[in-house]
Amino acid sequence: MVTVLLCITAVTSAAVGVVYRVTEGPIAIAKGEKKAAALARVLPPFDNAPASSADTVAVDGGQVTVYTATMAGEPVGYAVESAASGFAGDIRLMVGFDTQGAIRNIQVLEQGETPGLGAKIAEENNPVVVSFVGKSPADLKMAVRKDGGDIDAITASTISSRAYVQAVSRAYAGYLQVSGGDAAQWDTSSGATSHAAESDEANGNGGSL
């Protein structure tokens, strides 16, 4: 029986390895295409290749990636890949800024939030992104309205919305570092989800997921 189990384990492991090798390339290509599409949607017209010249900077104990778009050698915008922990894992965003720090657009790169609730953060023109587009985070109170801030949350999805706000806040800190702004004065903790609120909502007491 031991020999049979070892053989089954060996065959299964080999099969998993083969599947991984076969799918690794297509998955990487798909992610690259999604990132390129996100850059095009959040940045103004550019004539360089932002994806090939990225800056990785330290923010809030982690890292964000900043892509600089140029036209005729002059910066025209910045896209920042950032993330924060949502209800069901990390929410990863691509946040586009103009040269004055106003948000042009935001695209969700990855999220695993609850379908029909937190997953709505990936929808176009959802209340959270609408609260941001055309505005600079420096001019906003970076928290959802439930926490006294200026950002509208997705209905019944406060935790996901808070994570979205924090990811944008971290993106802005990255933008400030690369564009030459004063990142030291920016508080990336604004909009962070408290453990108490998360516990209440997970138990159905906060009306949010």
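Let me start with valine 168, which touches Leu93, Val95, Ile103, Ile106, Phe132 and Met142, leaving aside residues up to four places away in sequence; contact here means heavy atoms within 4.5 Å. This is a predicted model, in which local features need pLDDT of at least 70 and side-chain atom pairs count only at pLDDT 80 or more, while totals for chains, interfaces and linings use all residues. Residues are numbered from 1 along each chain as its sequence is written, and side-chain values use heavy atoms, with hydrogens and water left out.

Now the core. Val168 is among the residues that touch the most other members of the largest nonpolar core, which has 35 residues; Leu93, Phe97 and Tyr164 are also among them. A nonpolar core is a set of buried Ala, Val, Leu, Ile, Met, Phe, Trp, Tyr and Cys residues joined through side-chain atoms within 4.5 Å. Buried means under 20% relative accessible area, exposed over 50%, and partly exposed in between, with a 1.4 Å probe and protein chains only. Elements giving two or more residues to this core include β1 (54-59), β4 (89-97) and α2 (127-132). Helices are DSSP runs of H or I with at least four residues, strands are runs of E with at least two, and both are numbered from the N terminus. The most comes from α3, with 10 residues. There is also a second, separate core of nine residues, including Leu43, Tyr67, Ala79 and Leu109.

Next, the strands. β2 and β3 pair in the antiparallel sense over seven bridges, pairing being at least two DSSP bridges between two strands. They form a hairpin with two residues between them, and alanine 72 in the turn has a positive phi of about 55°. β3 and β4 are also antiparallel, over nine bridges. Glutamate 81 in β3 stands opposite threonine 65, and opposite methionine 94 in β4.

What does the side chain of glutamate 81 meet in a salt bridge? Its partner is lysine 35, at 3.3 Å, N to O. A salt bridge is a side-chain nitrogen of Lys or Arg within 4 Å of a carboxyl oxygen of Asp or Glu. Because glutamate 81 lies in strand β3 and lysine 35 in helix α1, the pair ties together parts 46 residues apart in sequence. Glutamate 81 is buried, at 11% relative accessible area, and lysine 35 is partly exposed, at 26%. Salt bridges with shared partners join Lys35, Glu81 and Arg92 into one network.

Elsewhere, glutamate 124 forms a salt bridge with arginine 41, closest N and O atoms 3.4 Å apart. The count of salt bridges comes to six.
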